[in-house]
Amino acid sequence: MNNSIVQLRNVVKRFDDVLAVEKMDLDIEEGTLVTLLGPSGCGKTTILRMIAGLEDCSEGDIYIKGKRVNDVPVHKRNLGMIFQDYALFPHKTIYDNVAFGLKYRDVSKAEIKKRVTRALETVRLPGVEFRKPAQLSGGQQQRIALARAIVIEPDVLLMDEPLSALDENLREEMRQEVDNLQSELGITTIFVTHDQREALSMSDNIIVMKDGLKQQEGGPEEVYDAPVNHFVADFLGHCNFYACRILGRENGLLKVEVADGKTLYSEHDEGWDVGKELELLVRAQKIEVVARGDTIPDTEVNIFDGIVKSRMYMGGEAWYFVELQDGTVVHAISISREFPFRDKDAVTLHIPPRHCRLIPKET
Ligand SMILES: Nc1ncnc2c1ncn2[C@@H]1O[C@H](COP(=O)(O)OP(=O)(O)O)[C@@H](O)[C@H]1O
Ligand SMILES: [Mg+2]
């Protein structure tokens, strides 16, 4: 058997004529943090709401701890929930806000006190019991929402874009908090976001979605480095895409021709037939930019001369748009201490064969 604590089987959700979720299968392993990642409207919230019991499935089954829960009401599913607008009760004290979830459970007053104190310690805000939400900062209120969700000792924590209302610095801090807390408590967490950085930095597993369909599932490095299609590649970061055709094999590398006759080599070979048309992708961060004439150690292939057409300084990185002799423009992102190149500089690009991935041609 597997260690899945939450399972979806063939789950479909229709709202009148909108197909919000299409045949979704999911296995969430106990103790992991799994992220549903995708653009707005792809069905993330709907999936979370169906797991929570706030929304019925049109088809399919949901299991929590091996038990089918389609007909189990929200309050009997033992789930902690945090949504984007974490809506604490403004007139209640922090104590009452955190204790709220325990009120309707069979928990003694003394036990409630013990658990609230512990939950506040866990989110590193001990001693704020008698304040009101407005007396806390946005980040602190977010942590109170977290305390309120974990105080019931849920089997699974559901978080729907909980950080998107916070400003960038606070978000980064809260990402770490959620990540640390999740590993400390070992609590299974399903996290929803449209932010790829958030997903990459926190998740054990990422489920990339588009139009109600799962596109790919895997660890952060897997979905980033080995995307299965154009959408996933593009959604997870800056990519160059080229239509290409398999020419054959040479020196253990796959040889492909890109549309304009350029030849590139890739380490990734799934045994495609010669002549097969695919798409070649290479992430902008994986391309090396050196001054024209500078040697690139240990390589003889995938080297192209070009001219910097434009350069954008981004603080910790620089973006170069380099025009090759045949007019192709390559986007390269350089992450280093110095960014020596300027517009019109002559440069040489190296595109390492191990970073040339091939995916199905877009239709
Ligand atoms: N209550 C509803 N009634 C009708 N359509 C809905 C409802 N909730 C969501 N939808 C539609 O379902 C699709 C998925 O929405 P949602 O799950 O909110 O996406 P996400 O959270 O990924 O942004 C969208 O097309 C949205 O408009
Ligand atoms: Mg949503």
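Trainee: What kind of contact joins the side chains of Glu111 and Arg115?
Mentor: In this predicted model, the side chains of Glu111 and Arg115 form a salt bridge, with 3.1 Å from N to O.

Trainee: Where do Glu111 and Arg115 sit relative to each other?
Mentor: Both belong to helix H3, residues 109-122. They are four residues apart there, which means that about one helical turn separates them.

Trainee: Buried or exposed: how does Arg115 count?
Mentor: Arg115 counts as buried, because its relative accessibility is 14% and the limit for buried is under 20%. Glu111, at 25%, counts as partly exposed.

Trainee: Which residues are in a network with Glu111 and Arg115?
Mentor: Salt bridges link Glu111 and Arg115 in a network with Lys114, Arg118 and Glu153.

Trainee: How many salt bridges are there by this rule?
Mentor: The count comes to 26 salt bridges. In general, side chains of opposite charge can pair when their charged atoms come close.

Trainee: Which residue does Arg143 meet in a salt bridge?
Mentor: Arg143 pairs with Glu177, at 3.8 Å from N to O. This pair links distant parts of the chain, 34 residues apart: Arg143 is in helix H4 (residues 138-150), and Glu177 is in helix H5.

Trainee: What about Asp195 and Arg171; what is their N to O distance?
Mentor: Their side chains meet in a salt bridge at 2.6 Å. Asp195 lies in the loop between strand E8 (188-193) and helix H6 (196-202), while Arg171 lies in helix H5, so the pair ties together parts that are 24 residues apart in sequence. Asp195 is buried, with a relative accessible area of 15%, and Arg171 is buried, with 14%.

Trainee: Changing topic, how many cavities of 30 Å³ or more are there?
Mentor: There are two cavities of that kind by the rule used.

Trainee: Which residues line the second largest cavity?
Mentor: Its lining is made of Leu146, Leu157, Met159, Val178, Leu181, Gln182, Ile187 and Thr189. Strand E7 (156-160) and helix H5 (168-185) are the elements that give two or more residues to this lining. H5 gives the most, with three residues. By class, the lining has six nonpolar, two polar and no charged residues.

Trainee: And which ones line the largest cavity?
Mentor: That cavity is lined by Tyr242, Lys262, Leu264, Phe304, Leu324, Thr328, Val330 and Ile351. These divide into six nonpolar, one polar and one charged.

Trainee: One more topic: what surrounds ligand 1?
Mentor: The surrounding residues are Phe15, Val18, Ala20, Pro39, Ser40, Gly41, Cys42, Gly43, Lys44, Thr45 and Thr46.

Trainee: What lies 2.8 Å from an oxygen atom of ligand 1?
Mentor: A polar side-chain atom of Thr45 does. A polar side-chain atom of Lys44 lies 2.9 Å from an oxygen atom of the ligand. For Gly43, a polar backbone atom is 3.1 Å from an oxygen atom of ligand 1.

Key. Residues numbered from 1 in each chain as written. Chains lettered and ligands numbered in written order. Predicted model: local features only at pLDDT ≥ 70, side-chain atom pairs only at ≥ 80, totals over all residues. Heavy atoms only, no water. 1 Å grid on protein atoms, 1.4 Å probe; cavity = no way out; pocket = protein on both sides within 12 Å on 5 of 7 lines; lining within 4 Å. Points joined across faces, edges and corners; volume = space filled by probe spheres on them. Nonpolar A, V, L, I, M, F, W, Y, C, P; charged D, E, K, R; others polar. Salt bridge = Lys/Arg side-chain N within 4 Å of Asp/Glu carboxyl O. Buried < 20%, exposed > 50% of the residue type's maximum accessible area, 1.4 Å probe, protein only. Near = heavy atom within 4 Å. Polar contact = N/O pair within 3.5 Å; in protein donor to acceptor, adjacent residues only side chain to side chain.
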